[in-house]
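The report below walks through them one by one.

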Amino acid sequence: MSGTWPQAGFFACELDAWLAASCGVRSPQSLARGLAREQWAALARTLRRAAAHSALYARRLRGCNLSPPGPEELAALPFTTADDLHPWENILCVPLGEVERMVTLRTSGTTGHPKRLAFTAKDLARTRDFFAVGMARLVQPGQRLAVLLPGAQRPHSVADLLRQALEPGGVEVLSPPPECLKAGQEACLAESLLRADPHCLVALPAQLARLPDFLPEGLPRLAGILSSGEPLPPETAAKIRACWKCELLDHYGLTETGYGCAVECPAHNGRHLRALDVLVEIVDTVHGRVLPWGEEGEVVVTTLNREAMPLIRYRTGDVASLLPGPCACGSPLPRLGPVAGRIVRDGPQGRSRIVAYAKGGA
Ligand SMILES: [Zn+2]
């Protein structure tokens, strides 16, 4: 997949076409059934592999049904929490020599230990493929993309993976000087963007909230923006659309999901899930009971096809819902609604409260 350019063809979008090809489906009418079949097969493989190679899951999955035929059986499996990512070696399913990238994150757990996540070269390649597909709607071969996310110099950072994903397809990927990405340096960033003259941006919502004040006329060639890294406040989306009049799509992803997870389509009605790499459940924030589609609760992800550190029913702490019904774009993919807040679990008792995202910035 890397190095080619995704085409939607007769599917609703590039993401559908990519997923259809991955599960051997040839028509849009068969996509939902093909995805479901492949998802549950991938989950059964993930569970068996985790139980065989990870110390934590060998213990935790003992006695569980490891060939779950559907959502009810998945819901019977135990959760994984941020605290379980320390020590991370307990989840690792490959020899240390196969780890290509390690990421350390400030914890959202109750113990104060940092979270560490490992990825193999194949894990990173799957993310690169998703990035190429997710960006296909916004930027075309021969155009320029400016990635405003920090860390472009770090190998396998999000900015670097975007470069790896898109440059083989003929997109020039640029990053502003790191000093222009610091808070309060929007004038420097605006100047560097005017010089770069990109067709597309990948940016944090906080950058998008402020940049129109420094670039009221926009950028001459700018036609599309992907917002990523934090939830996109509706006020920021409205400001960008009013000032710059370009396409703006939102992306949801966590390091735990291999950075990429779900991306908005031009119908602007939820983010389409990367369905062969993540299974999403929404659970009651207190009791952990699975909630029906349309109800808001904690986002729980199970990674599929991940080599280094598969995560089974991982409680993300984000509050959102799965949107019922089909998308206006015609895609049958499940869609994640807006992230309404974040669950903060404090103290050794794991007491939890929900913090709403502030308006106008994330
Ligand atoms: Zn759609």
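## Two helices that cross

A helix axis here is a line fitted to C-alpha atoms, over the stretch in contact, and angles between axes run from 0 to 180 degrees between N-to-C directions. The model is predicted.

Take α7 and α8. Their axes lie 9 Å apart, and the two helices pack at an angle of about 75°. Angles of 65 to 115 degrees count as roughly perpendicular, so α7 is roughly perpendicular to α8. On the α7 side, the contact uses Glu 186, Ala 187, Leu 189 and Ala 190. On the α8 side, Arg 210, Leu 211 and Phe 214 take part. By class, this contact of α7 with α8 has 5 nonpolar residues, 2 charged ones and no polar ones.

## The buried side of α8

Helix α8 spans residues 205-214. Which of its residues are buried? They are Pro 205, Leu 208, Ala 209 and Leu 211. A helix has 3.6 residues a turn, so residues three or four places apart point the same way. The buried residues of α8 pack against several elements: helix α7 (186-196), strand β5, strand β6 (224-227) and helix α9 (234-244).

## A second crossing pair

Helix α5 covers residues 121-135, and helix α6 covers residues 158-166. Their axes come within 8 Å and cross at roughly 70°. That makes α5 roughly perpendicular to α6.

From α5, the contact draws on Leu 124, Thr 127, Arg 128, Phe 131, Ala 132 and Met 135. From α6, it draws on Leu 161, Leu 162, Gln 164, Ala 165 and Leu 166. The contact of α5 with α6 divides into 8 nonpolar, 2 polar and 1 charged residues.

Now turn to the strands.

Strand β3 holds residues 144-147 and runs parallel to β4, with 3 bridges between them. Leu 145 has Val 173 of β4 as its bridge partner. Ala 146 stands opposite Leu 174 in β4. From β3, the chain passes through α6 to reach β4, and this β-α-β crossover is right-handed. Strand β3 is also joined to β5 (residues 200-203) by 3 bridges, and this pair runs parallel. Here Ala 146 stands opposite Leu 201.

## Around β7

How many of the 6 residues of β7 are buried? The count is 5, and the strand is mostly covered. Strands β6 and β7 run parallel and share 4 bridges. Leu 226 stands opposite Leu 249 in β7. Together, β6, α9 and β7 make a right-handed β-α-β unit.

With β8, the direction is antiparallel, and 2 bridges join β7 to it. Tyr 252 stands opposite Ala 262 in β8.

## A buried arginine in a loop

Arg 137 lies in the loop between α5 and β3. Is Arg 137 buried or exposed? It counts as buried because it has 21 C-beta neighbours inside 10 Å, and the cut-off for buried is 20 or more.

Beyond its neighbours within four places in sequence, Arg 137 is in contact with Cys 13, Glu 14, Leu 249 and Pro 266. Arg 137 and Ala 8 are 129 residues apart in sequence, yet 9.4 Å apart in space, C-alpha to C-alpha.

## Backbone points to check

Most residues other than glycine have a negative phi, and most peptide bonds are trans.

A cis peptide bond joins His 86 and Pro 87, with omega at about -5°. Pro 87 sits in the loop between α4 (71-75) and β1 (101-105).

Asp 197 is not a glycine but has a positive phi of about 50°. Its place is the loop between α7 and β5. With 13 C-beta neighbours inside 10 Å, Asp 197 counts as partly exposed. Tyr 259 is not a glycine either, and its phi is positive at about 75°. Tyr 259 lies in the loop between β7 (247-252) and β8 (262-264). It is buried, with 23 other C-beta atoms within 10 Å.

Terms used:
Residues are numbered from 1 along each chain as its sequence is written. This is a predicted model: local features need pLDDT of at least 70, side-chain atom pairs count only at pLDDT 80 or more; totals for chains, interfaces and linings use all residues. Angles under 35 degrees count as roughly parallel, over 145 as roughly antiparallel, 65 to 115 as roughly perpendicular and the rest as oblique. Two residues are in contact if their C-beta atoms, placed from the backbone, lie within 7 Å. Ala, Val, Leu, Ile, Met, Phe, Trp, Tyr, Cys and Pro count as nonpolar, Asp, Glu, Lys and Arg as charged, and the others, Gly among them, as polar. Two strands pair if DSSP finds at least two bridges between them. A crossover is right-handed if, with the strands pointing away from the viewer, the path from the first strand over the helix to the second runs clockwise. A residue is buried if 20 or more other C-beta atoms lie within 10 Å of its own, exposed if 12 or fewer, and partly exposed in between; C-beta atoms are placed from the backbone.
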